[in-house]
Amino acid sequence: MQVSYADIGSLVAALAAPRVVWLMVPAGEVTEQVLTELGQLCTSGDVIIDGGNSHFKESVARAQMLAAKGILMVDCGTSGGVFGLARGYSLMLGGANEAIGRIVPILDTLAPGIDAAARTPARDGGPQAPGEAGWLHCGKPGSGHYVKMIHNGIEYGMMQAMAEGFALFASAGHAVVEEDYRYDLDLAAIAEVWRRGSVVSSWLLDLGADALASNPTLDQYSTEVADSGEGRWTIEAAIDQRTSAQVLAAALFARFSSREKNELGNRFLSALRNKFGGHPSLSSKG
């Protein structure tokens with residue numbers, strides 16, 4: 001049964017202590033506002049979960065602020081996009097052991113479970129390992145959002161590689177190419193054959209194949225590819241940690257340059273963002 005409340009105060013008052021409150025709002029100022037309000041309404045022993053894509057350093061600060069009041073905070077990086085309701089959500093969590101222990105039933109309900117993927121051969125027949133249920137306690141406060149941030153940075157790189165490959169296919173028939181090496185390729189068919197047995201088969205490729213099957217030129221998608229922020233944060237972390245992340249950085253800058261170009265690769269990126277996340281990536285003429 002679903003119950004609605006007019007304001008946060010009414011919601012908190014209706015919950016028996018010790019409470020668990022799960023927050024799902026866009027990262028940024030609104031997260032700060034709602035967490036501050038919850039910090040004033042909740043009491044010692046309560047658990048507050050931030051399930052949005054907040055910056056991990058902000059999550060550390062918020063956890064410390066709430067801990068001073070005896071309130072436990074869990075930062076939960078949530079992946080699954082618009083398909084999470086049907087497929088389950090991959091959940092990456094940071095916080096105290098006590099807090100995670102309290103919310104295991106919730107995590108087991110939301111996550112896809114061990115049967116969502118074939119077991120890693122080295123683990124087959126053994127006890128269930130951390131992460132296999134589809135959720136993972138990554139470590140202390142901030143670590144959940146940190147892992148999700150890197151996840152999104154990797155996602156940028158994977159999407160960019162696919163987009164550039166399909167852009168090459170689309171340009172293989174251009175007049176600048178010598179006639180003997182000029183090809184008229186069926187991009188949608190290539191996506192389909194790769195989905196079956198190829199080492200690059202993936203859910204992202206599945207989504208790209210679906211986009212190409214329904215709109216082969218992808219002209220209904222925008223050539224301007226937005227970035228949600230976590231790609232930038234990933235590169236900032238790489239700088240702070242003095243760790244090379246050349247592919248991830250190139251993918252981020254490619255999104256910036258997409259606002260100046262008009263090519264199929266950018267449309268492919270827009271299609272993927274729209275397919276997995278429901279992002280408004282459709283062309284104004286689409």
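This dialogue walks through several features of a predicted model, one at a time.

User: Where should I begin with the sheet, and in what order do its strands lie?

Analyst: In this predicted model, the sheet is open and has five strands in the order 1-2-3-4-5, with mixed pairing. Strand 1 (20-23) and strand 5 (135-139) stand at the edges and each has a single partner strand, so one side of each is left without a neighbour in the sheet. From one strand to the next, the twist averages 25°.

User: How many bridges join strand 1 to strand 2?

Analyst: Strand 1 and strand 2 (residues 47-50) run parallel and are joined by four bridges.

User: Which strands does helix 6 lie across?

Analyst: Helix 6 lies across strand 2, strand 3 (72-79), strand 4 (90-94) and strand 5, and it runs at about 15° to strand 3.

User: What should I look for in the backbone angles?

Analyst: The general idea is that most residues other than glycine have a negative phi, and most peptide bonds are trans. Against that background, the peptide bond from Ala17 to Pro18 is cis, with omega near -5°, and Pro18 is found in the loop between helix 1 (8-14) and strand 1.

User: Is Leu218, with its positive phi, buried or exposed?

Analyst: Leu218, which is not a glycine, has a positive phi of about 60° and lies in the loop between helix 8 (203-214) and helix 9 (230-241). Its relative accessible area is 0%, and therefore Leu218 is buried. Arg242 also has a positive phi, near 55°, and its place is in the loop between helix 9 and helix 10 (246-257); Arg242, however, is exposed, with a relative accessible area of 76%.

User: How do I read a salt bridge, and how many are there in the whole structure?

Analyst: The idea is to look for a side-chain nitrogen of Lys or Arg within 4 Å of a carboxyl oxygen of Asp or Glu, and a search of the whole structure finds 10 salt bridges. In one of them, Arg19 pairs with Asp46, the closest N and O atoms being 2.7 Å apart. This pair links distant parts of the chain, with Arg19 in the loop between helix 1 and strand 1 and Asp46 in the loop between helix 2 (29-41) and strand 2, 27 residues apart. Both Arg19 and Asp46 are buried.

User: What separates Glu58 from Arg62 along helix 3?

Analyst: Glu58 and Arg62 are separated by about one helical turn, because they are four residues apart in helix 3 (residues 56-67). Their side chains meet in a salt bridge of 3.5 Å, N to O. Glu58 counts as partly exposed at 37% relative accessibility, whereas Arg62 is buried, with a relative accessible area of 4%.

User: Which residue forms a salt bridge with Asp210?

Analyst: The partner of Asp210 is Lys275, with the closest N and O atoms 2.6 Å apart. Here too the pair links distant parts of the chain, since Asp210 is in helix 8 and Lys275 in helix 11 (residues 264-277), 65 residues apart. Salt bridges that share partners also join Glu192, Arg195, Arg196 and Asp206 into one network.

User: Finally, which residues form the nonpolar patch on the surface?

Analyst: The patch is formed by Tyr181, Tyr183 and Leu185, which together have about 320 Å² of accessible area. Leu185 lies in the loop between helix 6 (143-171) and helix 7 (187-194), and at 33% relative accessibility Leu185 counts as partly exposed.

Methods
Residues are numbered from 1 along each chain as its sequence is written. This is a predicted model: local features need pLDDT of at least 70, side-chain atom pairs count only at pLDDT 80 or more; totals for chains, interfaces and linings use all residues. Side-chain values use heavy atoms; hydrogens and water are left out. Patches are made of residues with over 30% relative accessible area and no salt bridge: like charges are joined within 9 Å, nonpolar side chains (Val, Leu, Ile, Met, Phe, Trp, Tyr) within 5 Å. Accessible areas come from the Shrake-Rupley method with a 1.4 Å probe; for residues, only the protein chains shown count as cover. Helices (H or I, at least four residues) and strands (E, at least two) are DSSP runs, numbered from the N terminus. Buried means under 20% relative accessible area, exposed over 50%, partly exposed in between (1.4 Å probe, protein chains only). Two strands pair if DSSP finds at least two bridges between them. Axes are lines fitted to C-alpha atoms, for helices over the stretch in contact, and angles run from 0 to 180 degrees between N-to-C directions. Contact means heavy atoms within 4.5 Å.
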